[in-house]
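Open the model in your viewer and keep the selection tool ready. This tour moves from the whole chain to single side chains.

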Amino acid sequence: MLKALMPVAVYSLAVAFRTDSFRRAFMLNMLGISAGVAVAAYGEARFDAFGVLLQLAAVAAEATRLVLIQILLTSKGMSLNPITSLYYIAPCCLVFLTVPWYFVELPRLRAAAGAVRPDVFVFGTNSLCAFVLDLAVFLLVGKTSALTMNVAGVVKDWLLIAFSWTVIKDTVTPVNLVGYGIAFLGVAYYNHAKLQGLKAKEAERRAASMATAKDGDAEAGVRLLPEKDGGDQKN
């Protein structure tokens, strides 16, 4: 539920990096989502302050990563597609993940099993899913924005909460549901505003193209008039 704060972090960083403009309505919407998440966190049955700090740090890191990806994919003079971007980012991810894995998880694996023998099928399918996920993230961020990516992710979080509640039998309090319901309403409002903005831009683009076509026809008519007058004089 704390991951619903991601749109707020992404929008704040996007404004700071000047990849998005400050809009009061959007900021009020983000604050509404934050209020809903705060209510959901307050109603947590097993609240842990250290876990909350870790999750907030993860939100900040993920928001920074997505904003930088948007800058990478949309910068002027650069034409990186999702596959090309993965060529650069995947090795960095491998290096940064290998270091904590070696010092934190590898000793535990050796102590538990004696020797590290990963399941090739599970490891391979996991890697394939991670690759497809990264590819989808690059495609979505490149076509829309990092903020749209994270707002859409709130719907995914709803599905995770429902799965945890029904299948894993995790504890979900009424306060949790009310808080996350407020956040979901904020997401719905953002999607509506985004759709209206896209329709307005499409209408402006069509109007501009029609105006350009009319101007071209008028210029062609002006050029034809002297030619016609010259022909009449010769006759």
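**A helical tour**

Select Arg65 to begin: at 31% relative accessibility, this residue is partly exposed. The scale is relative accessible area: buried is under 20%, exposed is over 50%, and partly exposed lies in between (1.4 Å probe, protein chains only).

Before going on, note that this is a predicted model, where local features need pLDDT of at least 70 and side-chain atom pairs count only at pLDDT 80 or more, while totals for chains, interfaces and linings use all residues. Residues are numbered from 1 along each chain as its sequence is written, and side-chain values use heavy atoms, with hydrogens and water left out.

**The salt bridge**

The term covers a side-chain nitrogen of Lys or Arg within 4 Å of a carboxyl oxygen of Asp or Glu. How many salt bridges does the structure hold? It holds one. Side chains of opposite charge can pair when their charged atoms come close.

Now show helix α3, residues 49–74. Both partners lie in this helix, three residues apart, about one turn. An α-helix has 3.6 residues a turn, so residues three or four places apart point the same way. Glu62 is partly exposed too, at 25% relative accessible area.

**Helix α1**

Go to residues 6–16, helix α1. Which residues are buried here? Select Met6, Pro7, Val8, Val10, Tyr11 and Ala14. Then step to Arg18, which follows α1 and has a positive phi, near 65°.

**The cysteines**

Turn to disulfides, meaning pairs of cysteine sulfur atoms within 2.5 Å. The count by this rule is zero. Pick Cys93, which is in no disulfide: the nearest cysteine sulfur, in Cys92, is 6.9 Å away. Cys93 is partly exposed, at 37% relative accessibility. Jump to Cys129. Is this residue buried or exposed? Cys129 is exposed, with a relative accessible area of 54%.

**The whole chain**

Zoom out and colour by secondary structure. The protein has seven helices and zero strands. Helices (H or I, at least four residues) and strands (E, at least two) are DSSP runs, numbered from the N terminus. Now colour by accessibility: of the 235 residues, 23% count as buried.

Switch to contacts, meaning heavy atoms within 4.5 Å. Among contacts with a separation of 6 or more, 77% join residues 24 or more positions apart.

Finish with the surface. The accessible area is about 16200 Å², and 68% of it belongs to carbon and sulfur atoms.

Terms used. Areas by Shrake-Rupley, 256 points an atom, 1.4 Å probe, with all protein chains shown as cover.
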